[in-house]
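Here is a short briefing on the structure below.

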Amino acid sequence: MRVALFITCFNDTLFPETGKAVVRILERLGVEVDFPVDQTCCGQMHSNSGYGLEVVPLVRRFVRVFADAETIVTPSGSCASMVVDHYERLAKLAGDEALAAQVGGLIPRVHEFSTFVADELGVEDVGARFPYRVVYHPACHATRLMRVGDAPLRLLRGVEGLELVDLPDAATCCGFGGTFSVKNQAVSTAMMADKLTNIMATGAEVCTAVDNSCLMHIGGGLARLNAGIDVLHLAEILAAGSVN
Amino acid sequence: MTAVADSFPRAAALALGDRQLRHNLRNATHTIRDKRAAAVAEVPEWQALRDAAARIKDDVLGNLDVYLERLEESVSAAGGHVHWARDGTEACAIVTRLVAAEGASEAIKVKSLTTDEIGLNEALERAGIRAWETDLAEMIVQLAGDRPSHILVPAIHFSRTEIRDLFARSFGLPDLSDDPEELTAVARRVLRERFMRIPVGISGANFAVAETGTIVIVESEGNGRMCITLPRVLISVMGIEKVLPRLSDLGTLLTLLPRSSTGERANPYTTLFTGVRDGDGPEEFHLIVLDGGRTKALADPEGRQALRCIRCSACLNICPVYERAGGHAYQSVYPGPIGSIISPQLAGLQQHDSLPWASSLCGACAEVCPVQIDIPRVLIHLRGRIAHETDAEPATERLAMRALARVFSTRRSYEAAQRALALGRSPLRSSRLTRALPGPLGGWTAVRELPHVPKQSFRDWWATRNDGSGR
């Protein structure tokens, strides 16, 4: 099997370790990974800020770059949902029905990483070892838009030595929300405070999720508090203890 | 709606410092949220009901002209009078004229968002007419000279002690306790006298059935039924989107509404009335049909789904932003997620230009909406309209967004920007400096550390790996 990795600009630039982990796990599972180097950004930040029309060239670009990919895998539930939930609307907004049709053909091929491994490949034990107490934050877009369900939890339960603890009020947003975190800094902080309190109450040593954007926010808060809790993308936990 | 005094972020920041408010909001929203979840879980066909409700409302919105004319015919045939109001000012003028024609200086009111939206109480006050709210929470808010902060629980921001003090002061009862039963008994005594004496009742309308001319009022305390049945003259004010084609549509909507709003299987009082009848109920019935910006919203293909709203408030109770900021921060009769898409559409984008950003786009609201309004999608759409149709956005933001879109438009410019960021990474790591950063970065670093920018991007690693030069 062959997949094209949609790394996302955010992971590419700020969290390359997540991308490396995804490649290692997929290859370990016998999947051949392509990285179309012409990919840039899905345009979510612009689109969510109201600059949808300005993003249409990025939609065209994405469709072109991934035209030949049978399966597209991405370690971001949020960026996946941008493609799956918004690209068709944006193409229509620009009056480009041909592009909308191309997007329609692309959508079923886009998979969030954890569901690709647990549901498409049907693997729940990837052979990882991670002897820490871990709490999982269900990121909103991954959960509500990409419907990843319990795929991340099933994968975490398959990790040797990992103690998985429940997060109270897990389904509530951490308060990141892209530009929301700076435009409505006060409310964003209040939401983050509750999320951090819940995370810290679990006694976890690591907080994980399938989106580094939420983790950057949560981790930024935990670091400011010197809470002694790390944040790590799910893929990096699953790659831990691997040979290659 | 009244002029906006401040932007949402500033108003919300103030509200966050109010301990009593935070406590009340947290308790109330979590209680109702849990009750709703339990009540919804009892209905296996919930999703099918939501589909059906969305279809009914979309049919209404697509054929408003037909259904509204049919409603007018039915109401007239049942002995009622229909008045058309282009905006709030016209609607208020009509109501004022009707109350004055009755020679009344007071009116009793059923809890109604539409009359709040048009500022009816204030308009009547200016004409020397006192409009008494009879819903307990609305009565509390009115006595305090305050504004409601929740669609369904208008006095959510009051504590029991505050209500006791308010009642003790207003009704001259210094020995009153804060026992809810005692407080309710006081309200009951005061209200009963008004119900019996005042000849004009004013209500909104949850639904208006085109087929029969029937108005539906849903309430919890029975005060509504008093206002609807006792006065000689009854005036109902409805937005044009409240019309329903058939009486049978109520089967769907009245299953969804109470479970979504109060988490009850059925609400305590549902009153259906049709026109006037000799010797039973009001002798005169007037229906004011209000546009008030609704046809403007209807003209927006993406925004119009907001008009499906049946005012259940499930989206408020689930919203993490509402739960912390409270209703007043939205500075509109319609707060919360639904308010953030209704208020700018009805009152004007400029009027409420910060509301579409009062959301982290987490999507919890869309998940609970009984008529399946995709609130996050409409929020994004309205952000776009504000960015392109108004000058509310700082020009720097527009330029930055366009510049960024251009950076991402070619691989070469994207990689150049990436390298520039990696080179500049050292100063970003110094906490003392980044905490004092200006602009959006400062908003970030005030409470969070910035991530460390790695030396090597993923794509650089990929390139070296595939060269065979590194692993």
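**Chain A and chain B at a glance**

Of the 244 residues of chain A, 59% are buried (20 or more other C-beta atoms within 10 Å of the residue's own, C-beta atoms being placed from the backbone). The model is predicted: local features need pLDDT of at least 70, side-chain atom pairs count only at pLDDT 80 or more, and totals for chains, interfaces and linings use all residues. Residues are numbered from 1 along each chain as its sequence is written, with chains lettered from A and ligands numbered from 1 in the order written.

**Chain A**
- Of the chain A contacts (C-beta atoms within 7 Å) with a separation of 6 or more, 80% join residues 24 or more positions apart.

**Chain B**
- Chain B has 24 helices and ten strands.
- Of its 471 residues, 48% count as buried.
- The C-alpha box of chain B is roughly 95 × 55 × 45 Å along the principal axes.

**Helix pair in chain B**
- Helix 3 (residues 46-62) and helix 12 (residues 249-261) of chain B pack at about 125°, with axes 10 Å apart (lines fitted to C-alpha atoms over the stretch in contact; angles run from 0 to 180 degrees between N-to-C directions).
- Residues making this contact include Leu49(B) and Ile56(B) of helix 3 and Leu253(B) and Leu256(B) of helix 12.

Terms used
Helix = DSSP H or I, 4+ residues; strand = E, 2+ residues; numbered from the N terminus. Buried ≥ 20, exposed ≤ 12 C-beta atoms within 10 Å, placed from the backbone. Contact = placed C-beta atoms within 7 Å.
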